[in-house]
Amino acid sequence: MLRYIAKRMVFAIPTLFAVSIVAFIIIQLPPGDYLTTLMADWASQGGAVEAGTVAAMRERYGLDQPIYVQYFKWIAGILTRGDFGISFELGKPVTELIWNRLGFSLLLSLLTLCFVWAIAIPIGILSAVRQYSISDYAATFLAFFFLAVPDFLMALSAMYVMSAWFGQSVGGLFSPDYVDAPWSLGKLADFAQHVWLPVVVIGLGSLAALVRIMRANLLDELSKPYVTTARAKGMSELELLLRYPVRLALNPLISTLGWILPAVISGEIIVSVVMSLPTTGPLLLRALLAQDMYLAGSLILLISVLTIIGTLISDILLAITDPRIRLQ
Amino acid sequence: MTDITSLPPETTTSLDLHGRDMAVAGQWRLFWLKFKKHKIALLSLVVILFMYLVAAFADFIAPLDPNATNARFTYAPPQSLSLFRDGSFEPHVNQLKMTLNTESMRREFTPDPAKPLSVSFFVPAQQPYDLLGVIPMRTKLFGLTNPKPGDSLYVFGADRLGRDIFSRVVHGAKISLSIGLVGVFISLILGVTIGGISGFFGGWVDLAIQRLIELLRSIPTIPLWMGFAAAIPVGWPPLRTYFVITLIVSLIGWTSLAREVRGKFLSLRNEDFVIAARLDGMSEIGIIFHHLVPSFISHIIATLTLAIPSMILAETALSFLGIGLQPPIISWGVLLQEAQNIRAVAQAPWLLFTPAAAIVISVLALNFLGDGLRDAADPYESVS
């Protein structure tokens, strides 16, 4: 088991390296380097730029050196000092800006995953056991429908329905009173009141996909001989169902975490923009629109790294639940 | 595959004529027979063909110029089209009466049943245009019979600048639907080439390509696309932006196709008919194009169809965020930019729901179609 985990972790290293290169390319894409933008910015504010400062910064980020040296300096800064560079638009180090928002992104994604799983498994089982019933058709149709509605449309429609029909203002994760308040039971309750809508909106697309997968997996299992044997031996239908086929059908579902997680994080980003949640989404969009590339690149890097770690955890989970994987 | 061919002779004779037909039917005939049973997929095929026709003949179908502004009718609500008046067939809309709400300082429009505006088919166009870019035309599919200044025909309402949403959605179909096709074409080339190389050569080439695909699939797509799309200079000509966005969007799309092709190559490489062909002295290239490709081409078509909707959704999301296509290009995502905040949506819900309906219907239909095609690509499964 430990060997398997170690192997998976070693495999993740090239992926992490490749992701960092992609993030670095994105930082380098806009024309001109970081300092030209920064100086233009300072000059537009009427500030005089001292030649010494510029030279010092050029040295610090290695901007006068070949591209691979720049990459090395950038990644070394992140790994050794946790230095992600400076957001020139906001005039602060990137690290000051992102951790809080990244935390909320992670929390929102985790809540969404829990919601998706808690709902998808029972519906998938019901759909498979009652194949071709009205509830099966309804579940299938809804699954296709929610797969076809983009996240942000769902968010906008949900907000429209909430405000036009229920007279509730939506957006944000807290009421104005609680935004800066320290955590308390009241704040937690307020958070719960706000968070369910984004969680449902982000989750519906993945939920639909998971229901389909759960249904297909279980249908495969239900037609296998061991089910007939158990039934012939007089096992009760519910016990039989939950004890063998459902457990087997759950395994492939765990492996779907590998792509559900990127989808949920993508959805979280775009839904956050629409619903103005204090997560990475709005910050990333603003950074990209302002070409604040160190901030944007760091966000993309961290989001991707989190996804890769999530996928790694799902691989390990799968190995724990399914011994066959470990032995391969 | 073996379900039918390996049946013992006595059961073969007990099969009905239809079954025996199945046993000797060609690949495409089986494909069609299976596909035909999937009624929703069949209906979706019709819907999709209809939508692409609308996109192709957008100039003819849209009653108004999609870029024509009209300050008089900002945020005009949809005018419902009635077919009958006083019991006789006379398509018309009611003229909009504008009043200024002094409390909210907004214009409010109410339809005035006393002033019907007659609508008819094949009305002369205000400006001549070229249908499909080549056929000079002076007729529109429908429009006001005698348009006078102050009359309006907003079937799905008007936007902030008084532009006709219906005409804009119809014109948006050109970009939004074609991005899926162009993107899928790029994915097809990338996916078949890379997947084919991976499956055919195997070994370390296969390993490297599989790692690359895993990498691309493990990165959340939206931030990645956002990063690349945001780097497109604002001053670029629309056509170039369009192609770069298509490229970015198909960056991920090819991976599923490559996997499909690789999987098929691996599983078919040692099938009896391939070994037989190899023993007969057929060249590897000949085997690939004569035996392998025809046997999985239906799977490729199904995977491609399923890839189109995700590309449409990607373009829509990027344009909606303001980093994909930009006005004056009209796409469904660009139209949704107008509905970006909840205030605009609350004031004029049609800004959101008209393009949204177009997106959802086309994506839904493409998904159903792809699903039907995928089922049909395995014609022997659950036939008996």
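Which residue in strand 2 of chain B stands opposite Ser82(B)? The residue is His92(B). The model discussed here is predicted.

**Strands of chain B**

Strand 1 of chain B covers residues 82–85, and strand 2 of chain B covers residues 88–101. These two strands run antiparallel and form a hairpin with two residues between them. Within this hairpin, Asp86(B) has a positive phi near 55 degrees. Strand 2 of chain B also pairs with strand 3 of chain B, which spans residues 106–131. In this second pairing, Gln95(B) stands opposite Asp112(B) of strand 3.

The table sets out the two pairings.

| Strands in chain B | Sense | Bridges |
|---|---|---|
| strand 1 and strand 2 | antiparallel | three bridges |
| strand 2 and strand 3 | antiparallel | 10 bridges |

As a general point, side chains in a regular strand alternate between the two faces of the sheet.

**Contact between the chains**

Chain B contributes 35 residues to the contact, and chain A contributes 40 residues. On the side of chain B that touches chain A, at least two residues come from each of helix 8 (203–218), helix 9 (221–230), helix 12 (284–321), helix 14 (342–347) and helix 15 (350–377) of chain B. Sorted by class, that side of chain B consists of 27 nonpolar, six polar and two charged residues.

**Chain A**

Chain A is made up of 328 residues, of which 33% count as buried. Its secondary structure includes 15 helices and two strands. For contacts in chain A between residues at least 6 apart in sequence, 72% link residues at least 24 apart.

Definitions and conventions. Residues are numbered from 1 along each chain as its sequence is written. Chains are lettered from A and ligands numbered from 1 in the order in which they are written. This is a predicted model: local features need pLDDT of at least 70, side-chain atom pairs count only at pLDDT 80 or more; totals for chains, interfaces and linings use all residues. Two strands pair if DSSP finds at least two bridges between them. Helices (H or I, at least four residues) and strands (E, at least two) are DSSP runs, numbered from the N terminus. Two residues are in contact if their C-beta atoms, placed from the backbone, lie within 7 Å. Ala, Val, Leu, Ile, Met, Phe, Trp, Tyr, Cys and Pro count as nonpolar, Asp, Glu, Lys and Arg as charged, and the others, Gly among them, as polar. A residue is buried if 20 or more other C-beta atoms lie within 10 Å of its own, exposed if 12 or fewer, and partly exposed in between; C-beta atoms are placed from the backbone.
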